[in-house]
Amino acid sequence: MNGFDLLPALDPTPNPGPAWLFHGLLVLTFFLHVLFMNLTLGGTLMAALAQLTARGKEGDYRTVLAARMSGINSYGIAFTITTGIAPLLFVQVLYQQTFYPATLLIGSVWLGLLVLLIFGYYTSYLYKFKGAPTKGFGGTFWLVSAAVLFFLIAMIQVAVNLIHSQPETWTAISDHPWSVLGDPTYAVRLLHFVFGAVGLSAAVTAWWAVRRARSTGEGGGETGERRDLDEDIARYAWRWALAAVFLQVVDGFLFLLMLPVMTGLMTTPASAIVLTVGIVLAVGLLMMLTRVRNPVEQPGAATGVLAAMVAILAVMAITRHQVRVLYLEPVTSQLERLSAPQWGNFVLFAVLLVVALATVAWMIRAVLQHPATGDDAA
Amino acid sequence: MDYPLWHLGIGGGILMGIVAVTHVIVAHFAVGGGLLIAATETMAIRKQDREMRELARRGSLILLLIPTVYGVVTGVGIWFVAGLISPAAISALIHNYVWGWAMEWTFFVIEIAAALIYWATWGKVTKGVHVAIGWIYFVAAWISLVIINGIITFMLTPGDWLQTHKFWDGFFNPTYWPSLVLRTGIALLMAAAFLVFPALRAKVEARPQVMRWIGLWLVIGLALSATGYFWWESAMPDEARVLFLGEGAVLPALIATRSFLLWALAATAVVGIVILLALPKAARLPTAIILALAAFAFFGGYERLREGTRKPFLIHDYMFSNGLLVQDIKTVNQEGVLSRSPWAARAAGVSDPSDLEGADPVKVGHAVFQVECAACHTVNGYQGIRPLLGEDPTLVSAVIELLHIQADDYMNMDPGHRANLENLTYPFMPPFVGTDTEREDLVQYLISLAEPGGSSQAAQSGGAR
């Protein structure tokens, strides 16, 4: 028996919409998820290493950076999970036959992801509320724990993705679940995500520091902000971004060469175009990063780098999906899933999504436009 | 049936119970707490009451640290666990209700964003904006309950969906409205149970007023819960009620669960009214803990009862608790259950499930057990099969035979019409499906469990039939 003989039957319920719609929604929502996920994983890893290298020295730009990252990370984690729900939903619609078996084959580990996530989330909060990161070495343990836990989650996600894409490996993994780690593409795939996550987090940090430095001005801010501190953070984050993108590009090419479906990817026009755009953007990004010494002096570059990172992420979300489609082509080409579209429900969902985003935007706008202090404040 | 085998030693039901019950407690607090916190802040602004403001602020910290962390992760966790213990069922639900879940997700996005902004902007924005965000949070949270309630109740009472397979026919099913009233009431009970703890930190002179305020919401929650619960009971189809109500009730465990939850509701009422309304000055940590435990017990009991009354189905009249579709009984009886379960056949060393000649009967029986029984039964743990086995092998054989005959009853029922459970010998168990050989092998395996060292026999057995 091979994996194809072991495929579960198609769910008899027709899909409540055409496949292209779910593919589109899967890619779109995965892109949103991966934006926040990158900040959570990359931001925590970067913050932990910054905190460790600064050895908790008070006022050091690295401990300040760690504190800032943790400040936004608790929101980032919440949105990582929230935006992760939608792609998890759509992947089950499209890939019921391969997704569930993948999670079942490493069931205990998959379940362990929840435990890691809960602990990762709470350790982040412990660092934020109790770690006193800018006042000594305290809190480092929680921060490093969170980084390790999030990294383990990334490992599990990559493993499930690999198993789900390769039914031909199922019997071997059923007998030896850890063998998934021996997949030739496992390490490069994992590193691809990790470097990407660190790169985006570093770009966000640099952009943020540049904005703060420029608003503070040469002489320092009225409330005591230090421009030099933000300049140091911006330069530090810029170096992180440069290193991460360089490693990402090297790893990306290695990953591409190792992909069993590389030929398919390069010979399918749509896939080839998207991939080429991604590569061009990545190389351009690398050049942009190398040409800047002090990002505070070139704020446009910081914004450009961040925009390019987000664009690459969108392109790579599409390529990742195309790789999965190619991997699973031997399975899906033999099956014809029926669909009975529920267009009314889809339209209702789309309208509600717009309403939800508008409501969130309204809340943010209202908060920014109606600041208050003292007795006037809530 | 045709997914890889994954069974936890403690039993899938226990695992789901731990994840789901703790999740729903937190998730319902997220709804009721949202209402209570927004109402409390509104009151605080109107009366310029610092203590009420502090109650809302502390409550929102609990909202931040429990529902948006543990609640969110375990919410996803229910999908994870369902995908591991009942992949066919979660797949069926998702393929029918993906747009329902997607709609719920849009409100969830608002809910999470509002919760985070609400906590982060205490003392930083105008009162009007802040309290408006609190109300937005509550409305989004409650609508997400309104949506998910349709999917949960669909599993117990699919209603006209069985004939039409239409989204809204299953969504607005016979227990939808009673369940919505009940769950809204429970949300308020959970809010009172959680918020009584920060209320204990109010200044001594202000504490009675704060406790009475929470008590008021508790009373509303009690009224809605009791009304919703008895309405829910009356809306249940007779075939499901017969399991735990009336003189002929057939499931003692569910009868006991019903008594338990009603006593727990009564305890919540008594303790809550005494410590929150009658003697608010006497409220202390132990009494708050007792109130919370009573409310959790009521809710946990209700969830246990709801799950239990669905037996032997995951989706009533459509899919059994082991993933077997009612419509597939005939085919599986003809082709054999292992022909439908390649992973189980592989585990038993069977290369051709249509020809079991030469295969080890105990191993085949073990594989059949894994597919048909292990969704509910472990060997020694929760609902352990070994303690249920008598010493008389003919008894085991007779039980399996009866379960096999029940398959005919299910086959003979009109498609899309509720199974007449009253007439079944084992109305809470799925029928046995499969060939005669598979049935005999299952009996052999079960008998082997009753023998000394039987637990390891299946794994070691090397004999052929």
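This is a short tour of a predicted model, stop by stop, for use in your viewer.

Residue numbers run from 1 along each chain as its sequence is written, and chains are lettered from A, with ligands numbered from 1, in the order in which they are written. Because the model is predicted, local features need pLDDT of at least 70 and side-chain atom pairs count only at pLDDT 80 or more, while totals for chains, interfaces and linings use all residues.

**Confidence**

The average for chain B is 91, and 94% of the residues score at least 70. For the model, ipTM is 0.93 and pTM is 0.93.

**Where chains A and B meet**

Now show both chains. The contact draws 54 residues from chain B and 54 residues from chain A, with two residues in contact if their C-beta atoms, placed from the backbone, lie within 7 Å. On the chain B side, select α2 (50-85), α3 (87-120), α4 (127-156) and α13 (342-347), the elements that give two or more residues. Helices here (H or I, at least four residues) and strands (E, at least two) are DSSP runs numbered from the N terminus. Which element of chain B gives the most to this side? Highlight α3(B), with 22 residues. By class, this side of chain B has 39 nonpolar, 11 polar and four charged residues; Ala, Val, Leu, Ile, Met, Phe, Trp, Tyr, Cys and Pro count as nonpolar, Asp, Glu, Lys and Arg as charged, and the others, Gly among them, as polar.

**A helix pair in chain A**

Next, select residues 96-105 and 140-165 of chain A, which are helices α3 and α5. Their axes are 8 Å apart, at an angle of about 130°; axes are lines fitted to C-alpha atoms, for helices over the stretch in contact, and angles run from 0 to 180 degrees between N-to-C directions. Show side chains for A:T98, A:F99, A:A102, A:T103 and A:L105 in α3(A), which meet A:V160, A:I163 and A:H164 in α5(A). This contact has five nonpolar, three polar and no charged residues.

Return to chain B and colour domain 1 (12-314) and domain 2 (326-460), bounds that come from an automatic or database domain assignment. The C-alpha centres of these domains of chain B lie 38 Å apart.

Then zoom in on B:P312, in the loop between α11 (285-309) and β1 (313-315) of chain B. The peptide bond from B:K311 to B:P312 is cis, with omega near 5°. Finish at B:Q48, in the loop between α1 (12-47) and α2 of chain B. B:Q48 is not a glycine, yet has a positive phi of about 50°. Most residues other than glycine have a negative phi, and most peptide bonds are trans.

Conventions: pLDDT = per-residue confidence, 0-100.
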